[in-house]
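This briefing goes through one protein chain, from its overall make-up down to single side-chain pairs. Please keep the sequence and the structure at hand while reading.

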Amino acid sequence: MHHARRRLWLLSAALFALAVGFHLSAAIYLHRDSTLHDLEEDETEYYTWAGKLLAGDGEFNTRRPIVHVGIVAALRKLTGDDLFAIRLGLLTIFSTTAPLTFALVARFVGSVRAAFLAGLGVAVWPLFVRFSGTLYSETTATPLFLLFLLILPTGRDPASPGRWLASGLVLGLATLSRAMYMLYLPFLAIALVVEGGLNRRTVF
């Protein structure tokens, strides 16, 4: 059991390192000398809202939820507003999609080989490699949504209310990174009752 768990951790680490390598190579090639003028419209808006947040002028904006803007703001603060370093921070967060996909497939399919291939595919997927070094909210929302799916209990492994609460909190963070994930909030309630096989007493 210990050996199998160690193997899973090593494969996850390998996928993360591979994803970082591919994404970093693409970022260096595409964005190493980029300036604020090279940002696309949505990226500029995230960057601007992050600046407002740092200046204490931030306000509620449903189009640009606070979690991703807050992360961009934190990276601006930590890197001294170095645009490429900000890209690297978001790239590192996004690179967790590979090991999270690996863990997710391993959990639901039960095959380490299939899980590794899925994680490998995510690590080298051209669109993911291309956009990993951008300021788009997908860089934070995608890993959060994968984490939500990973910890969401199912009928096969019923869990305590605390795990349901944790999965809901992570989905909430994903929603506060990219508003489109609000579409999944009703499905969490459905899964709570149907998939989890829970009733009011076991939930509350």
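Predicted model: local features only at pLDDT ≥ 70, side-chain atom pairs only at ≥ 80, totals over all residues.

Which exposed residues does helix 9 carry on the face turned away from its buried side? They are Leu-165 and Leu-169.
- From the N terminus on, the elements of the chain run α-α-α-α-α-α-α-α-α-α-α, and buried residues account for 40% of its 204 residues.
- Among the contacts between residues at least 6 apart in sequence, 68% join residues that are at least 24 apart.
- The chain exposes about 11,500 Å², of which carbon and sulfur atoms supply 67%.

**Helix 9**
- Helix 9, made up of residues 161-175, has 15 residues and reaches 21 Å from its first C-alpha to its last, close to the 21 Å expected at 1.5 Å a residue.
- Its buried residues are Trp-164, Ser-167, Val-170, Leu-171, Ala-174 and Thr-175.
- These residues cover an arc of only 150 degrees around the axis, which puts them on the same side of helix 9.
- An α-helix has 3.6 residues a turn, so residues three or four places apart point the same way.

**Helix 1**
- Helix 1, residues 2-31, has 30 residues and reaches 42 Å from its first C-alpha to its last, close to the 44 Å expected at 1.5 Å a residue.
- Buried in helix 1 are Leu-11, Ser-12, Leu-15, Ala-19, His-23, Ala-26, Ala-27 and His-31.
- The partners against which the buried residues of helix 1 pack are helix 4 (83-94), helix 5 (97-109), helix 6 (112-124) and helix 7.

**The loop residue Ser-137**
- Ser-137 sits in the loop between helix 7 (126-131) and helix 8 (138-151), and with 0% relative accessibility Ser-137 counts as buried.
- The side chain of Ser-137 makes a polar contact of 3.0 Å with that of Tyr-46 and a polar contact of 3.3 Å with that of Arg-178.
- Leaving aside residues up to four places away in sequence, Ser-137 touches Tyr-46, His-68, Ser-177 and Arg-178.

**Salt bridges**
- The structure holds four salt bridges, and side chains of opposite charge can pair when their charged atoms come close.
- One of them joins the side chains of Arg-130 and Glu-40, at 4.0 Å from N to O.
- Arg-130 counts as partly exposed at 31% relative accessibility, and Glu-40 counts as partly exposed at 36%.
- Glu-43 forms a salt bridge with Arg-87, in which the closest N and O atoms are 3.7 Å apart.
- Because Glu-43 lies in helix 2 and Arg-87 in helix 4, the pair ties together parts that are 44 residues apart in sequence, and both Glu-43 and Arg-87 are buried.
- Arg-76 and Asp-81 also meet through their side chains in a salt bridge, at 2.5 Å from N to O.
- Arg-76 is buried, with a relative accessible area of 12%, whereas Asp-81, at 34% relative accessibility, counts as partly exposed.

How values were computed: Residues numbered from 1 in each chain as written. Heavy atoms only, no water. Helix = DSSP H or I, 4+ residues; strand = E, 2+ residues; numbered from the N terminus. Buried < 20%, exposed > 50% of the residue type's maximum accessible area, 1.4 Å probe, protein only. Polar contact = N/O pair within 3.5 Å; in protein donor to acceptor, adjacent residues only side chain to side chain. Contact = heavy atoms within 4.5 Å. Expected span 1.5 Å × (residues − 1). Arc of directions from axis to C-beta. Areas by Shrake-Rupley, 256 points an atom, 1.4 Å probe, with all protein chains shown as cover.
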